Amino acid sequence: MILKNVLDMLDPEHAKRVSLLSMDLARALNLSDQDVARIGYGANYHDIGKISIPASILESERQLTEEEFDIMKRHVQYGLSILSVQTSKDMDAAKVIVGTHHERWDGTGYPNRLIGEEIPFYGRIVSICDTFDALTSERSYKSAWPIGEALAYINNQKGKAFDPYMTEVFLQMMQEGALV
């Protein structure tokens with residue numbers, strides 16, 4: 001119950017959309033029902049560490065400075081710390097997602113600069129879905145992108161930010177209207 005209350009302090013609609021989108025992508029990748037459920041559960045927590053980020057950074061209406069972005073990136077470690085007291089297979093999935101959803105296929109992500117398949121499967125799925133939802137959602141610092149522009153960006157980042165195969169599956173699903 002405490003974690004639920006903490007999640008409500010963040011952007012619960014974003015977390016819910018990322019969770020549902022991630023579950024749809026996991027199904028399209030033919031993961032087991034158990035994996036789909038764990039990804040859905042864990043994706044709800046992907047940004048939980050942001051509760052430790054100052055509101056002045058979270059609510060900034062301008063692009064963050066390099067120093068502010070370095071602080072923002074700490075939400076991954078903060079999230080792992082918050083979840084560290086919980087133990088279950090579902091929570092283990094959440095920890096994987098929290099810890100790896102900002103890694104990039106090309107190794108330029110954070111916090112560990114993992115490359116390609118070093119990034120756990122769950123984190124690769126949530127990365128695509130989190131990015132898509134962030135792009136297509138209004139934020140204090142930007143307008144929502146049209147879906148077509150967001151999909152073009154996702155496609156452009158195939159093999160850079162995102163797993164190439166997962167990106168293809170995601171784009172195909174979007175083209176078929178399965179995720180919109």
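Two ground rules first. Residues are numbered from 1 along each chain as its sequence is written, and side-chain values use heavy atoms, with hydrogens and water left out. Since the model is predicted, local features need pLDDT of at least 70 and side-chain atom pairs count only at pLDDT 80 or more, while totals for chains, interfaces and linings use all residues.

Let's start with two helices, α5 and α6. Helices are DSSP runs of H or I with at least four residues, numbered from the N terminus. Helix α5 covers residues 66-73, and helix α6 covers residues 75-83. Their axes come within 5 Å and cross at roughly 20 degrees. That makes α5 roughly parallel to α6. Axes here are lines fitted to C-alpha atoms, for helices over the stretch in contact, and angles run from 0 to 180 degrees between N-to-C directions. Angles under 35 degrees count as roughly parallel.

Who makes the contact? On α5, we have Ile71, Met72 and Lys73. On α6, we have His75, Val76 and Gln77. Contact means heavy atoms within 4.5 Å. By class, that is 3 nonpolar, 2 polar and 1 charged residues. For those classes, Ala, Val, Leu, Ile, Met, Phe, Trp, Tyr, Cys and Pro count as nonpolar, Asp, Glu, Lys and Arg as charged, and the others, Gly among them, as polar.

Stay on α6. Its buried residues are His75, Val76, Gly79 and Leu83. Seen down the helix axis, they fall within an arc of 100 degrees, so they line one face of α6. Buried means under 20% relative accessible area, exposed means over 50%, and partly exposed is in between, with a 1.4 Å probe and protein chains only. The arc is that of the directions from the helix axis to the C-beta atoms.

Where does histidine 46 sit? Its place is in the loop between α3 (33-43) and α4 (55-58). Histidine 46 is buried, with a relative accessible area of 1%. Histidine 46 and histidine 75 are 29 residues apart along the chain, and their C-alpha atoms are separated by 9.4 Å. Leaving aside neighbours within four places in sequence, histidine 46 is in contact with residues including His14, His75, His101 and Asp130. Its side chain also makes polar contacts. One is with the side chain of histidine 14, at 3.1 Å. Another joins the side chains of histidine 46 and aspartate 47, at 3.1 Å. A polar contact is a pair of N or O atoms within 3.5 Å; within protein, one must be able to donate a hydrogen and the other to accept it, and residues adjacent in sequence count only if both atoms are side-chain atoms.

Next, the loop between α7 (89-100) and α8. Glutamate 103 has its place there. Is glutamate 103 buried or exposed? At 2% relative accessibility, glutamate 103 counts as buried. Its side chain reaches the backbone nitrogen of asparagine 112 at 2.7 Å. The side chain of glutamate 103 also reaches the backbone nitrogen of arginine 113, at 3.0 Å. Arginine 113 is in the loop between α7 and α8 too. At 53% relative accessibility, arginine 113 counts as exposed. Phi of arginine 113 is near 55 degrees, a positive value in a residue other than glycine. Proline 111 is found in this loop as well. The peptide bond from tyrosine 110 to proline 111 is cis, with omega near 15 degrees. Both Tyr110 and Pro111 are among the contacts of glutamate 103.

Another positive phi turns up at asparagine 30, at about 65 degrees. Asparagine 30 lies in the loop between α2 (12-28) and α3. Asparagine 30 is exposed, with a relative accessible area of 68%.

Last stop, helix α9, residues 147-156. Its buried residues are Ala150, Leu151 and Ile154. Down the axis of α9, they fall within an arc of 100 degrees, so they line one face of the helix. They pack against α8 (121-135) and α10 (164-175). Threonine 167 is found in α10. Threonine 167 is buried, with a relative accessible area of 0%. Not counting residues up to four places away in sequence, threonine 167 touches Ile128, Ile154, Asn155, Lys158 and Phe162.

Terms used. Angles under 35 degrees count as roughly parallel, over 145 as roughly antiparallel, 65 to 115 as roughly perpendicular and the rest as oblique.
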